[in-house]
Amino acid sequence: MLAPSAAKATEGFVQHQQQLAHLDQDGFAVVENITDLDDLAVIRSEIDELLRRGHVPTKELGERGGAPQIIEIMWPMKLSERIARSCFVRNACAVSEAYFGHRVTYNFDHAIIKPAFNFRETAWHQDFAYSTWFNFSARERLHWWLPLHDVSTDQGCMHFVRGSHRIGLLPHVRVAPTSDALKTTLPEKADVVSCPLKAGSATVHTEATLHYTGPNKTNSPRYAFILQFERSTWTTGLRASVKTLAWRFGRGSH
Ligand SMILES: O=C(O)CCC(=O)C(=O)O
């Protein structure tokens, strides 16, 4: 269980709630100053430490064969107590609960790193194309995407298709035979919005929203920490327990 945010009653908390007002209409929102630079530094140093450890399971969202293109670390919160206790995690939980007006359950977290000059996009996709388990009840999820530094379009910031959370699940295929990622086709006349961010700010989207990040064309690696909360129902606790068990036995899933 996550501790409630100390920031709950502050002016910042009220602003974060207001920034989520666009979410229902657009399928995504930008939430400014959801955390601070010290907190980002902690999360980044923990992710770097996980990358240094040889046995942490990673996936490749680009293509295997040469240098890593897009590195994904599954469940960093289960591997790092300091990330799990971070200000960002507590604030995102509190703002998600305020948005739903209901308790939320932590569903999944991952980190995605694009090395400098990776020249590899994270293809257009909807997150629920990855969720193949326990799809027997309606779900309401918020997916938080937190870059661990300022992020520009050239470094691989988030892009969303406005209103795409209402179009339903599109057909997805694997990005390439050696990739762990899925992709779909960008619909014609899609209203694409690019979301460069200042360090400490995040985007939030639903699991149905079509999104993409561009290649990293800069000489600095791009780090993002991604966290999913789900409106609690009778199935969410069960699903979370099964996922934790699966993770322990090395079969991580979204
Ligand atoms: O960080 C990225 O490159 C992609 C993130 C993403 O697609 C996601 O969080 O679902």
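Author: Let's start with K189, which sits in the loop between β9 (182-183) and β10 (192-195). Helices (H or I, at least four residues) and strands (E, at least two) are DSSP runs, numbered from the N terminus. Residues are numbered from 1 along each chain as its sequence is written. This is a predicted model, where local features need pLDDT of at least 70, side-chain atom pairs count only at pLDDT 80 or more, and totals for chains, interfaces and linings use all residues.

Reader: Is K189 buried or exposed?

Author: K189 counts as exposed, because it has 6 C-beta neighbours inside 10 Å. Here buried takes 20 or more other C-beta atoms within 10 Å of a residue's own, exposed takes 12 or fewer, and partly exposed is in between; C-beta atoms are placed from the backbone.

Reader: And what is its phi?

Author: The phi of K189 is near 60°, a positive value in a residue other than glycine. Most residues other than glycine have a negative phi. F119 also has a positive phi, about 50°, and is not a glycine.

Reader: Where is F119?

Author: F119 lies in the loop between β4 and β5 (122-125). F119 is exposed, with 12 other C-beta atoms within 10 Å.

Reader: New topic. How many residues does α3 have?

Author: Helix α3 (residues 37-52) has 16 residues. From first C-alpha to last, α3 reaches 22 Å, close to the 22 Å expected at 1.5 Å a residue. The expected span is 1.5 Å times one less than the number of residues.

Reader: Which residues of α3 are buried?

Author: D39, L40, I43, E46 and I47 are buried in α3. Seen down the axis of α3, the buried residues fall within an arc of 130°, so they line one face of the helix. That arc is the one of the directions from the helix axis to the C-beta atoms.

Reader: What is on the face turned away?

Author: The face of α3 turned away from its buried side carries the exposed residues L37, D38 and R52.

Reader: What do the buried ones pack against?

Author: The buried residues of α3 pack against β3 (71-74), α4 (76-79), α5 (81-84), α6 (87-100), β4 (104-114) and β13.

Reader: Then why is α6 called largely enclosed?

Author: Eleven of the 14 residues of α6 are buried, so α6 is largely enclosed by the rest of the structure. Among them are F88, V89, R90 and Y99. After α6 comes G101, whose phi is positive, near 65°.

Reader: Let's switch to K59. What does it touch?

Author: K59 lies in strand β2 (residues 58-60). K59 touches E72, M74 and D180, not counting residues up to four places away in sequence. Contact needs C-beta atoms, placed from the backbone, within 7 Å. K59 and M74 are 15 residues apart in sequence and 7.8 Å apart in space, C-alpha to C-alpha.

Reader: Which residues surround the ligand?

Author: I112, T122, D127, W145, G156, H211, T213, A224 and I226 surround the ligand. The elements giving two or more residues to this shell are β12 (211-213) and β13 (222-231). Near means a C-beta atom, placed from the backbone, within 6 Å.

Reader: How confident is the predictor?

Author: The mean pLDDT of the protein chain is 89, and 91% of its residues reach 70 or more. Over residues 1-7 the pLDDT is below 50. pLDDT is the predictor's confidence in each residue, from 0 to 100.

Terms used:
Contact = placed C-beta atoms within 7 Å.
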